[in-house]
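I'd like to talk about salt bridges today, so let me put the structure up.

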Amino acid sequence: MAEPQPTAPRSGLAGIVRAARRRAGALLRPTARRPRAAGLIRRLAPRSVRTRTTLAACVSVAVVMLAASAVVQTLLRVNLERTVETGAREEIQAVSRLAATGRLTTQLPLGPGTDFIQVVDAHGKVVAQSQNLTGRPALAPTGTHEGHRTYNLDALGEEHDQRVTTSTTATPTGPVTVHVGASLRTADTAEDITTAALAVLSTLLLLTVGALTWRTTGRALRPVEAMRAEVAAISERDLDRRVPAPRGDDEIARLAETMNAMLERLEAAGIRQRRFIADASHELRSPLAVLRTQLEIAHTHPDPQVRDTLVEGALQDTERLQALSADLLLLARLDATGQSRPGEPVDLTELVRATVAARSTDPHPIALHACGDIIVSGNALWLGRLLTNLLDNAQRHARHGVTVRLAADPVTGDPVLDVANDGPPIAAADREKIFERFTRLDDARSRDDGGSGLGLSIALDIAALHGGGITVRDTADGITFRTRLVAGPRGWPGGGGAVGGSTPLGGQPPTAAGAGAIRFRARP
């Protein structure tokens with residue numbers, strides 16, 4: 001039976017790793033109980049993505065190399081010890097055959113890789129031994145290690161590990177025990193060389209991985225840094241600048257495209273805002289100047305009749321300024337609402353009837369055609385303002401009359417509101433322009449006839465906020481502004497369309513846009 005006898009048991013790389021873990025845990029455990037020390041460690045931790053990535057790659061490779069080195073050393077150690085043990089067993093078998101046949105001599109020769117041989121009878125007397133054990137007492141076990149007996153070989157002058165293999169054999173004079181010691185010096189040397197080689201190779205590999213990761217991460221993050229620097233340099237006056245877009249179709253390239261698209265939207269919003277401010281300033285400056293002139297003249301003019309006329313004109317200009325201020329405030333509220341859609345149930349049919357009935361004093365009569373009860377989800381005040389603006393526009397341009405039709409689309413069930421007038425047609429080139437803020441066509445340049453230029457823009461914003469839009473259509477007798485909204489939930493009374501079998505507008509299905517029709521929605 002083979003018995004190992006390590007004079008100084010070798011823990012191996014696995015033992016070193018376990019010891020290092022225990023030591024690191026013992027060092028970090030007090031730190032966890034000290035918030036200041038933990039905060040200092042967090043502050044000293046690398047903040048750069050490049051550094052963190054490089055450290056993560058190096059730590060990952062180091063863990064893999066550590067595990068691989070431990071496996072390699074373990075397999076190498078097992079294989080070398082197995083080779084030594086095999087040689088010792090062959091030596092025991094040779095000595096046992098000599099003892100069994102009674103040809104055992106007192107001096108035994110040593111075979112290759114064998115350090116000593118000793119044969120002891122049942123009474124503990126040495127009957128044969130190798131030359132280097134002449135005059136030495138019989139070997140006696142001193143303890144156990146990992147399930148094997150150990151021997152003290154200091155008396156032999158050996159300071160390295162040995163594998164002691166023991167076997168009992170029957171002889172003509174009685175049973176004897178054969179001890180054969182095989183040196184592990186070769187295994188220890190091979191293990192030390194392997195450990196040094198693995199350490200050097202692992203260090204070179206870690207340095208290579210760290211350098212490659214540092215360089216690759218730097219090249220990958222260079223466009224990100226360029227984009228960050230460009231964005232940091234962009235101010236509210238430089239929205240026309242764009243971040244550099246790298247080549248390819250990876251995540252960084254898509255990030256650059258997204259940022260440039262965002263900058264384009266910001267630039268467009270800034271242009272619209274500046275244009276709106278300039279137009280609003282212009283629209284307010286002229287009536288204010290006229291109002292001031294009228295008041296100054298009325299203040300100094302001696303004729304009471306002239307003063308009354310001037311004051312009456314000043315009141316009209318004040319009402320016009322008040323209406324313009326209300327329109328500007330409503331536009332600001334609509335812009336601030338964004339995509340938040342109001343969700344109150346509104347009886348659109350009743351709203352249209354009440355709005356038309358309240359305009360009995362308009363210069364042109366209004367013909368109303370509404371069928372059933374149509375419920376929509378929205379804001380009643382804003383929807384009433386939408387219809388009011390469309391009616392104001394129709395009254396301004398009508399020759400003889402205005403027609404309002406409300407019905408449900410037979411296909412989708414969505415409400416369709418038509419406001420038609422028999423006025424002059426709108427050129428195709430102007431159909432998008434009329435929905436811009438502070439826009440008046442050539443035949444409506446007069447502020448007395450053309451309004452503030454915000455009515456259709458407000459109507460379009462309200463329709464878009466309610467999930468709909470406005471269509472400009474040519475008809476045989478004039479022009480029609482068709483507004484499409486979204487029907488309310490079917491759980492509401494009248495939701496999902498008209499009740500009582502409403503008739504489509506003009507006997508025809510209300511399509512989104514016919515020949516010569518253009519559909520507009522509010523810009524985001």
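Before anything else, keep in mind that this is a predicted model. So, how many salt bridges does the structure hold? The count comes out at 15, and I'll walk you through a few of them.

Let's begin with E230 and R241. Their closest N and O atoms sit 2.9 Å apart, and the two form a salt bridge. This one links distant parts of the chain: E230 belongs to helix α4, residues 185-233, while R241 lies in the loop between α4 and α5, with 11 residues separating the two. Now, is E230 buried or exposed? E230 has a relative accessibility of 17%, so it counts as buried.

Next up, helix α5. Here the side chains of E251 and R254 meet in a salt bridge, at 4.0 Å from N to O. Where do they sit relative to one another? Both are in α5, and because they are 3 residues apart there, about one helical turn separates them. As for accessibility, E251 is exposed, with a relative accessible area of 58%, whereas R254 is partly exposed at 37%.

Then there's D362 with R359. Their side chains meet in a salt bridge too, with 2.6 Å from N to O. Both D362 and R359 are buried.

And one last thing, which goes beyond single pairs.

Note on methods
Residues numbered from 1 in each chain as written. Predicted model: local features only at pLDDT ≥ 70, side-chain atom pairs only at ≥ 80, totals over all residues. Heavy atoms only, no water. Helix = DSSP H or I, 4+ residues; strand = E, 2+ residues; numbered from the N terminus. Buried < 20%, exposed > 50% of the residue type's maximum accessible area, 1.4 Å probe, protein only.
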